[in-house]
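Thanks for coming, everyone. Please look at the sequence and the structure first.

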Amino acid sequence: MKDSRKIPVIGDGTWAAVVPFALITFCFALWGFANDVTTPLVKSFSKIFRMSVTEGTLVQVAFYGGYFAMAFPAAMFIRRYSYKAGVMLGLGLYALGAFLFFPAKMTGDYYPFLIAYFILTCGLSFLETSCNPYILSMGAEETATRRLNLAQAFNPMGALLGMYVAMEFIQRRLHPLDTAGRALLSGSEFEAVRDADLETLIAPYLVVGLVTLSMLVLVRLVRMPRHRDTSGKIDFLPTLKRLVAVRRYREGVVAQFFYVGAQIMCWTFIIQYGTRLFMSMGMAEQAAEVRSQQFNIAAMAVFCVSRFICTFLLRFFNSGLLLRTLAVFAALFTVGVMFLQNIWGMYCIVGVSACMSLMFPTIYGIALQGLGEDAKFGAAGLIMAILGGSILPPAQAAIIDLHTLWGMPAVNLSFVLPFICFVVVVFYGHSAYRRGWT
């Protein structure tokens, strides 16, 4: 007989309730690590292989491509089998992608790394499509959004670790020669430097592959809840039609697309924003970049702390109201980023991170509330909305490349795009609160 028990948000005081919740929550840190250990490596790959910046950004194309391509197949797999099976397959693909960095390094070529990234992020797509609704199902529906915020609080912890590992164990240990200097090396000299750098680059991925494989074994051995398992029948088009008819879900996917775009834009271009600002204050370019990276890490730390604070506040405030309020403050901080050409502009970017901490899990929870078994497909649409993180940042980069716009630094004015995104989130939070979706 299939186990249909649910795990409450805090647990019922037994290991049977606490351990599965903890294991799934740890998966949130795992994909947070993968996201933020990878982003800084776009520049590293460009240097290692003597490529253009455009070729280096193929890493992000492969990364987000895996998320986008596998979301609905993951939902169909989960519907046919179970959340636990989806988590296990996700962990398996994650580990496989990480281990493929070793043969990719042996080839000495760039494109096998893209294949490894794509497979790894197919695993992340399975994990996010499985773990988010799984957490929602582990208890009473009225506490589902709070429960997801608690689990999501461990995502930025993994992200902080990923940023630290990328900075300390990869970037600082790469050969100091820049792309121009490497172009002057002979064939054998370049290959020696490249191979040494690749040896440094793959080490953290091999370690996280072992950690992920260990998690797979633990999830397999631990008795996990099965949330109202059904026959597993897959009715793709009827289910999609039902989802599109649900306004809070339909608008939630749109809001999630713009939120993720805003998040990636704010975290990607804080370096460019800060470098221009600090250089205008008399700093050398390298010192300005280091100072900007310090603010970037501070923004992620504030994001992490704010996630726990917001999870606590959800005990007392309506989630739609809190979402709307924080989105309004995020929009106001973004205005400060645009028009304050001093250190307060950097403080405003950190403030934006504090406001963003609530948004992803809250939009997710509101959109899936009350969908029952359709939540398995609904989760896929919300994961596909992560595509906003690859579509919107290039638009902001195009503005930044103008250098000056209407007599102001273009990098400042480029933050009008995150501002627009937060306005979309304001409207979704307002609708959720006024229409009683929360």
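Start with a rule: rings of Phe, Tyr and Trp (its six-membered ring) pair if their centres lie within 6.5 Å; planes under 30 degrees apart count as stacked, over 60 as edge-to-face and the rest as tilted. Ring pairs of this kind join F45, F49, F63, Y67, F101, Y110, Y111, F113, Y117 and Y205 into a cluster.

Some ground rules. This is a predicted model, where local features need pLDDT of at least 70, side-chain atom pairs count only at pLDDT 80 or more, and totals for chains, interfaces and linings use all residues. Residues are numbered from 1 along each chain as its sequence is written, and side-chain values use heavy atoms, with hydrogens and water left out.

Back to the rings. How many aromatic pairs are there by this rule? The count comes to 28. Take F72 and F377. Their ring centres are 6.5 Å apart and their planes are at 35°, so the pair is tilted. This pair links distant parts of the chain: F72 is in helix α4 (residues 58-80), F377 is in helix α19 (residues 375-384), and they are 305 residues apart. Helices here are DSSP runs (H or I, at least four residues), numbered from the N terminus. Both F72 and F377 are buried, meaning under 20% relative accessible area with a 1.4 Å probe, protein chains only.

Next, F101 and Y117. Their centres are 5.0 Å apart with planes at 85°, so this pair is edge-to-face. F101 belongs to helix α6 (residues 101-107) and Y117 to helix α7 (residues 111-137), 16 residues apart. F101 and Y117 are both buried.

Now charges. A charge sits over a ring if NZ of Lys or CZ of Arg is within 6 Å of the ring centre and within 35 degrees of the ring normal. R50 lies over the face of F190, 3.6 Å from the ring centre.

C131 is buried, at 0% relative accessible area. For C310, the nearest cysteine sulfur is that of C355, 8.2 Å away. C310 is buried too, at 4%.

Last stop: T362, in helix α18 (residues 359-368). Buried or exposed? T362 is buried, with a relative accessible area of 0%. Leaving aside neighbours within four places in sequence, T362 is in contact with T145, N149, S319 and L323; contact means heavy atoms within 4.5 Å.

Key. Helix = DSSP H or I, 4+ residues; strand = E, 2+ residues; numbered from the N terminus. Buried < 20%, exposed > 50% of the residue type's maximum accessible area, 1.4 Å probe, protein only. Disulfide = S-S within 2.5 Å.
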